[in-house]
Amino acid sequence: MSSYVVEQANDVVALDFQTHPARYKHWQLGITPPYATLSLSVAEDGGVFPGYRLKRNSYDIGVDIELSDAVMRLRFEHPEVRAVVITSALADSFCAGANIQMLGQASHEHKVNFCKFTNETRNAIEDASAHSGQRYMAAINGTAAGGGFELALATDYLLLVDDGNTAVSLPEVSLLAVLPGTGGLTRLVDKRKIRRDIADVFCTLEEGMRSSRALKNKLVDETVPRSRFNERVAELAMELAGGSDRPTDRTGIPLTPLRRNNRSDGIDYEHLRVDYQSGLATIWLRGPQAPAPADAAGIEKEGASFWPLALLRELDDALLHLRFNEPSLGTLVFKSVGDLDRALGYDALLIEHNDDWLVREVNLYATRVFKRLDLTARSLFALIEPGSCFAGWLSEILFAVDRSYILEGTSDTSDGEEEDEPAGIVLSESNFGRHPMVNGLSRLRTRFLGEPDTLSRVHTLAGVTLFAQPALKEGLVTFALDDIDWEDEIRLLLEERSSFSPDALSGMEANLRFPGPETMESKIFARLSTWQNWIFQRPNAVGEKGALPLFGSGRRPDFDKNRV
Amino acid sequence: MATVNYDTLIPNNVNLSTDLRLQRALEKWHPKFLNWWLQRGPTDFQTNEVYLRTAIGVDRGNWAKFGFVRMPDYRWGILLAPAVENRKIPFGEHTGEPAWQEVPGEYRGLIRRLLVVQGDTEPASVEQQRFLGHTAPSLYDMRNLFQVNVEEARHLWAMVYLLHKYFGRDGREEAEMLLERTSGDEDKPRILGAFNEETPDWLSFFLFTSFTDRDGKMQLECLAQSGFDPLSRTCRFMLTEEGHHMFVGKSGIERILARTCQVMNDAGISDPTDEGAVRALDVMDLPTIQRKMNFHFSVTLDLFGSEISTNAANAFTAGIKGRFHEVDIADDHRLLNDNYPLLQYENGRFAVNQVPAINAINARLLDDYIDDCENVVTAWNKTIAKSNIDFALSLPHRAFNRQIGSFADLNVTPAGGVLNDADWAAVKHQFLPSREDLGYILSLMKASLSAGSYASWIAPPKNGVGGKPGNFEYVRITC
């Protein structure tokens, strides 16, 4: 066995998804309004795990956590930034993609989660370009290979230096016996609409294409000589910035560090609490502690502590933590606690002021976090109990999960205390298209794909508190249980779920969650979870004689030539 | 096969006249090459007749003839060393299988990349040296310069032949790109760093041909082992020519040292570090030569790439690029279980660690190269010792002044001391040529163009070339 083939216990190193530009090891963020520049200069010895060096601007999860943080901060902290240039601070290499030694030694779970996260970050870049007035371009000043080219493909405009040597390539198939894992194949044919036979040639050409050939085949949008490169980057960035509707007279809100306390059996955030039991994590979402501010100015004043934003950031962090650091918690149960009317007040504010750049960012972020939830390969359940506050945008969680249960009536309060209001949910405009899934449809529309009438009817019920029976009748929850059955049924549900094969569940859930049309985004994830994750398991990629473990060893993989 | 056909436009021993496709490709490339030679080759003397050798065969011994030729009329040709009958692949996972006469599809990209990188260096050095004719210290040296230039250009032809013959459209495109990139060009530089450095003076030229062409030799030696037989044969013949280039460098430095020592002795200067006194005599002082040597040697080490290299390992396993003197190495030539001692810097000190030999192909070649260079420096020091001057040149530590490889982030003195940034900044000028050093060398660069005369800073050669004496008019300046 090669010395590179060591089983890495990835869960030994707990990944932290919180960072700050002041702590970046790999990216430099330069703000020169109206545009910003993200320069990649990966610290070779700055890998998250031991056993590999991040040469030639190759990346591991740590590099992408910083990128994700930068993309997020640019949106919230810098309204003045209307275009973003991604480039390299290293000579010769724009980005060499995911580090192969890292992939070779990583566990399968880590590889899958790593790819998913990097995809979500690329999608966030496209989301900023499409919806935030913050358009991205790639200034490819050195070879962009594999994930490096895929990163460039996530931007709106690819400028390639024409020095007779610098190439863009997707060498995964020919070099590594895997696929480009961050949407490269899909973006070639779907986004850039490159002819499939040309894409076939490109994807099997280890060294890729450069200069006029790259341009002719639409792999890049423009080539420019080295001497004019920087000048042209600045021109293009100004051009991209020109069409933006971001305000020039507002200041950003600093994304302050999350207050987070890791316990051995869970995590406490300010608005979120996660409790681990065997194989299960319960996620408590806390409603707002104070009434919503009066207007957009009030939101800006509250900044990162504005309840929806604060809760979303915590939920986002918790989901990533659970994905990467707690692989054995196969079921996530969502509950909420709070004042329904107060939560609804925030929802109304988010709808009313969506034209405000900051509110728009909060809404777009909610969309991304809910997508992250849709794409989390765990069994997802929601329990709606008295005192919960699933209202408006927060009730999207009910339609993201695999099943939801509502407690009918109130719990038995035989001690004579005053009775709680029964559990109910409230829909709003937030549930009808403001937070689309990766398939481009709202969760409710996806849910009622075969029942357009139901969809219309529940739309008329927006604003009405729907208790257990109406919610069940309208198909908004899976089951309504009274307090006699509640505890036992829920226990049985969770026990039964944990008895199934986690792999079969991931597959089943992913198949059932995304009916309806395909989009580029949905294709990227679907292709990833089927093809790439299959290939990642196959001996031709990861077996003792497979391409990944042998990469760098000088030995050649020995492929099983049978087609499956 | 051994006879070269000079009847056609392109002299060759590859039966070009029967390969119309190849002939068409090369004939289309030919005018572009000539244009390149005129635009980026030697800046002047293109119309002068130069006493050059031209390959007329590929058999050992009697392969070249000497005669006067104008450089643009030089018969650049395609010459392969004779085929070895039943040659087997000597290393890698195909060891013992018959050598490939055609490119194996699975290695097409790998071989093409190697050819492009090698091919890119050949015209690069011609470009780097294009101004040197103006400051030639003698007609003998000018002739040597042009000999090196035309043969490097022929090496370009050799690589282009392989690209055209075996790599289809991609190969033709790469062949054109070899003429488009230019040494030191801001927009389209040559691929490897050292080939974008200037060669502004003759000391640089002799050091370049001593050290950097020696890297070329090592690379060609490794490619000459290739299981892809046309590549092997091409490189074997290139090595025949390369020997002269290194001779030019090695003997050039020897003559500079001899001259400096002689002038010092004549003037009674015994302290070689008295740079001022030595420079007053219009010769190159020994410490400056050492600093220049430090520069050229360290920049050339970077050409070997990372000590631990996946690409080199892949090329070895594939049977495409072997090790120096591969067939003489006593091992299994597969390296599946072997280790190799590698100098590494860890925990604040240098240590030799055992690493998988297959990953250390570049490191091993670097070791072989440094051994080869040590012999050259030993010979130079004999010249100094003969003059009884107390000075010895020495190769700097391999970690000195590196930009590529595992030592790139370190500040290492020629003696191997590791310094922090501040200390390094304070002493760096002692080890590398200063602007003043370079200015002084440039001030010596005055052409000496009458037959038999030599510039102040260099001794005449012991022998002439091509059977002619040192005072022969190697370049017909007057006609």
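Chain A has 22 helices and 22 strands. Helices (H or I, at least four residues) and strands (E, at least two) are DSSP runs, numbered from the N terminus. The radius of gyration of chain A is 24 Å, close to the 24 Å of the globule rule for 564 residues, so chain A is as compact as a globular protein of that length. That radius is taken over C-alpha atoms, and the rule is 2.2 Å times the number of residues to the power 0.38.

This is a predicted model: local features need pLDDT of at least 70, side-chain atom pairs count only at pLDDT 80 or more, and totals for chains, interfaces and linings use all residues. Residues are numbered from 1 along each chain as its sequence is written, while chains are lettered from A and ligands numbered from 1 in the order in which they are written.

**The two chains**

Chain B has twelve helices and seven strands. Its radius of gyration is 23 Å, close to the 23 Å that the globule rule gives for 479 residues, so chain B is as compact as a globular protein of that length.

The table uses two terms. A residue is buried if 20 or more other C-beta atoms lie within 10 Å of its own, exposed if 12 or fewer, and partly exposed in between, with C-beta atoms placed from the backbone. Two residues are in contact if their C-beta atoms, placed from the backbone, lie within 7 Å.

| Item | Value |
|---|---|
| Chain A, buried residues | 51% of 564 residues |
| Chain B, buried residues | 48% of 479 residues |
| Chain A, contacts of separation 6 or more that join residues 24 or more positions apart | 74% |
| Chain B, contacts of separation 6 or more that join residues 24 or more positions apart | 69% |

**Domains of chain A**

The domain assignment gives domain 1 (11–242) and domain 2 (263–502) of chain A. Such bounds come from an automatic or database domain assignment. The C-alpha centres of the two domains lie 34 Å apart. Their contact takes 16 residues from domain 1 and 13 residues from domain 2. On the domain 1 side, helix H1 (61–77) and helix H3 (108–131) of chain A each give two or more residues. H3(A) supplies the largest share, seven residues. That side divides into six nonpolar, four polar and six charged residues. Here Ala, Val, Leu, Ile, Met, Phe, Trp, Tyr, Cys and Pro count as nonpolar, Asp, Glu, Lys and Arg as charged, and the others, Gly among them, as polar.

Arg447(A) is found in helix H15 (residues 443–447) of chain A. With 19 C-beta neighbours inside 10 Å, Arg447(A) counts as partly exposed. Arg447(A) and Arg513(A) are 66 residues apart in sequence, yet 8.8 Å apart in space, C-alpha to C-alpha.

**A helix pair in chain B**

The axes of helix H3 (residues 139–166) and helix H6 (residues 229–267) of chain B come within 10 Å and cross at roughly 170°. Axes are lines fitted to C-alpha atoms, for helices over the stretch in contact, and angles run from 0 to 180 degrees between N-to-C directions. H3(B) and H6(B) are therefore roughly antiparallel, a term for angles over 145 degrees. Among the contact residues are His155(B) of H3(B) and His244(B) and His245(B) of H6(B). The residues of this contact divide into eight nonpolar, six polar and two charged.

**Between the chains**

The contact takes 18 residues from chain B and 14 residues from chain A. Helix H2 (108–128), helix H4 (168–180) and helix H9 (310–317) of chain B are the elements giving two or more residues to the chain B side. H9(B) gives the most, with five residues. The chain B side divides into six nonpolar, five polar and seven charged residues.

Methods. Angles under 35 degrees count as roughly parallel, over 145 as roughly antiparallel, 65 to 115 as roughly perpendicular and the rest as oblique.
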